[in-house]
There are 2 protein chains.
Amino acid sequence: MKAEIIAIGSELLLGDVINSNAAWISKRLAALGIDVFHHITVGDNPRRIHEVVAQAVERAEILIFTGGLGPTDDDLTVATLADYFQTPLENDPASEESLKAFFLARDVAISPSNFKQALRPVGSIAIANPVGTAPGVFWDASDKTIKADKPLFMMFFPGVPRELYAMWGEGMSHLKAKLVGRGESEQVLEARFLNFFGIGESKLAEKLNDLMNASNPTVAPYVGRAEVRIRIAAKAATSQAAQEAIEPVKTEILSRVGAYYYGEDDETLESGVAQLMVDKGLTVAVAESCTGGLVSSRLTDVPGSSAYTHLNMVTYSNAQKSRQLGVDPAVLETHGAVSPEVAEAMAVGIRKEAGTNIGVSLTGIAGPEGGSHEKPVGLVYIGFDGLSKADSADPIVKRVTVNSRFSRQDIKYWFSHYALHYLKLYILGMLDRDETNTLAQASHQATNQSVG
Amino acid sequence: MKAEIIAIGSELLLGDVINSNAAWISKRLAALGIDVFHHITVGDNPRRIHEVVAQAVERAEILIFTGGLGPTDDDLTVATLADYFQTPLENDPASEESLKAFFLARDVAISPSNFKQALRPVGSIAIANPVGTAPGVFWDASDKTIKADKPLFMMFFPGVPRELYAMWGEGMSHLKAKLVGRGESEQVLEARFLNFFGIGESKLAEKLNDLMNASNPTVAPYVGRAEVRIRIAAKAATSQAAQEAIEPVKTEILSRVGAYYYGEDDETLESGVAQLMVDKGLTVAVAESCTGGLVSSRLTDVPGSSAYTHLNMVTYSNAQKSRQLGVDPAVLETHGAVSPEVAEAMAVGIRKEAGTNIGVSLTGIAGPEGGSHEKPVGLVYIGFDGLSKADSADPIVKRVTVNSRFSRQDIKYWFSHYALHYLKLYILGMLDRDETNTLAQASHQATNQSVG
């Protein structure tokens, strides 16, 4: 089975909205072994929608539409498709009831145009929308195609991502029932992502070249905002068989580049660090300067973060670094706020103030102003203290530079990524004492390299 | 002139990468008055690329390709297009030199496959890539089309967004030169966004219905993560004339819904608040619980934020709320950490501790656990203190609830949005003392409403 994903909406063609739905849907279809060969975006224009549908019907058996289900005049999707397949519209009583209930619950008057949303082509099924007013539609239009042996299944979802997400399961249950009814062989594709930080895509590709040329499972790299992900995908008769084919490939990859690995699939650096702290019963406190609270915010993105964090501080000024964290003003004066000496003192200071096992500090230059030749934009010192065997403070400080051409927000993000990654290594006893290490070098190169 | 944007890459069809480039490019073409009627995504497959190009050449005069310019075997874009137009490839000496320099500067050995990136179709022009290895291509292939009167301009950019962004200007200078050379009438489209928070899209549409039915300038709403944006777009002979046509429409819109407006185009809530504080010479300190540092991080996303923020704290535990901010343990015991009383005490406490003009506090429940019937997930109290005419502390606390079905990260984001929005009103003396106000109600409804 081949699917085509068609987004309808002039706002997409004007560049005012990014079409993230196509990727979201594609990932879920791939997991079912359904191939997607085209994503199409077209405006709210009946003639151009007809043209696009005519091409899609030639190429695919499953068409998934997003957008154009709203109550306004330029929401044309269902009516235009019904017109294309010369099928009248009918009212869906359940959708109408749920529209009324939706507005009643919010004490808002329902407008006549809202009832338009309860219309669907004769012979189709409504998909309930638990979080908005626009119902979706599942439509088996196999009898509408010229080729008698070719099925045609269409689904219509709203363009608002959270509505699509909430409605997807019901839509897919209709599709799966049809596929089972047709006795479609169900070759299953399973995919797993391995997440890496501190190694560039080209370096990863070099180390995994032979695996990337294999066909089942396939191995391919993807570049994220600061991380690189390796996707292992296997096709097999059952989900279990596909998973079993993935396992040895994963083991082989980790034997080569495991030092840079931090988690699978949706595991993030922060969730990995959180799990580690919970497992070991450790607590952490962060003192931030240039990142302004981003490391703290990411640490608390993980549910249950109160188990390991009680107090974090953003000491933006020198005065507050001294007052809150006990950084010696003479040290600030001599070395400047962005220095290994200050990072050390901040890490020790926040640990003592918060009474946690670990103190983490960041002091650097996020730009775009404030850099110098000696201390450029993109430079940060990250300090760690608390886990040394020595009884007294024994901080480790890492020096990191990231691409100074990045935006201020990207630089903050990269700094926070390094802090979380080093924190993990620090907890694992794997953070070396060299101020600048090969990891930083490798990663910095990675940010400068192109993949086309 | 009509343009079509074609993304090439199987990773897009597998859903592993979101195609944000299409929107980015579309926005820039719209500003030049160039219409975009289709976005297409196709995999790394020569036959399907040929099919897509054949359709695009029928529909458009400008084709913009992204992706598939890397050094690996599945990077096929340039070779496949050269093949389609039966044009040989030639080596670009400048690109080759710059590739060598790129690798030399990074002390990395250049691989033979990298030199593939220096190839471009005979008669085309290379576009330099200042941040990666893959050069782009501008190609006037008007002589390759069957219709003698139809021009065809193609541009090839890497799929990595920051490389596209860095190369766009040079590519466009080639295109503009061609358009001027052809004496293309240059009707200019100018667009401006007005950003709103605290009012839903349907409510905005209701208030601006007559304007939204006009054709030049056009007025249309777009829903963001927590904000709603109104886009005003005008076409005219000159950029100035288009801007002048926008101005009265903007004035009219602000006269109707100005209470919810916070800025134009790329202005964010945080940049608006920052500007206001700089203008008034005010300083602020934030004490966060549930948002974990996100408000602080957003305040420091604005360059120059050290002018108005010196110290922020994340007091996650009750003990630290008392220790750092002086919240009375009895108040915490009696009312619980998520209460107006604690929000008050936190706002007063952080202001005093930081010695700033304003103290802001947040205490709430970001979920997914920890909610109760009385204090559900999505509830937050936001406190403000410092600007009262009274000499002593005189805090204002606002109670906000957002959709409890949102993810933990989205809830944190909404809470931070409210905090910044109310901070602006507080500075302007417009924050009323009712704990729950109509703004919160309106916005909460907005999050539940659908636009299809």
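Is A:Ser26 buried or exposed, and what is its relative accessible area? A:Ser26 is buried, at 1% relative accessible area; buried means under 20%, exposed over 50% and partly exposed in between, with a 1.4 Å probe and protein chains only.

The model is predicted: local features need pLDDT of at least 70, side-chain atom pairs count only at pLDDT 80 or more, and totals for chains, interfaces and linings use all residues. Residues are numbered from 1 along each chain as its sequence is written, chains are lettered from A and ligands numbered from 1 in the order in which they are written, and side-chain values use heavy atoms, with hydrogens and water left out.

**View 1. Surroundings of A:Ser26.** This residue is found in helix α2 of chain A. Its side chain makes a polar contact of 2.8 Å with the side chain of A:His39. A polar contact is a pair of N or O atoms within 3.5 Å; within protein, one must be able to donate a hydrogen and the other to accept it, and residues adjacent in sequence count only if both atoms are side-chain atoms. A polar atom of the A:Ser26 side chain also lies 2.7 Å from the backbone oxygen of A:Ala22. Leaving aside neighbours within four places in sequence, the contacts of A:Ser26 (heavy atoms within 4.5 Å) include A:Ile5, A:Val36, B:Leu12 and B:Gly15.

**View 2. Helix α2 of chain A.** Helices (H or I, at least four residues) and strands (E, at least two) are DSSP runs, numbered from the N terminus. Among the buried residues are A:Trp24, A:Ile25 and A:Leu29. Just after the helix, A:Gly33 has a positive phi of about 75°.

**View 3. An open sheet in chain A.** Its 4 strands have the order β10-β11-β9-β12, with antiparallel pairing; two strands pair if DSSP finds at least two bridges between them. The edge strands, β10 (218-223) and β12 (261-264), each pair on one side only. Strands β9 (residues 188-196) and β11 (residues 228-236) are joined by 9 bridges. In β11, A:Ala234 is the bridge partner of A:Glu190.

**View 4. Confidence in chain A.** The mean pLDDT (the predictor's confidence in each residue, from 0 to 100) is 89, and 95% of residues reach 70 or more. Over residues 440-452 the pLDDT is below 50. Where pLDDT is low, the predicted coordinates should not be read in detail. The model scores ipTM 0.72 and pTM 0.73.
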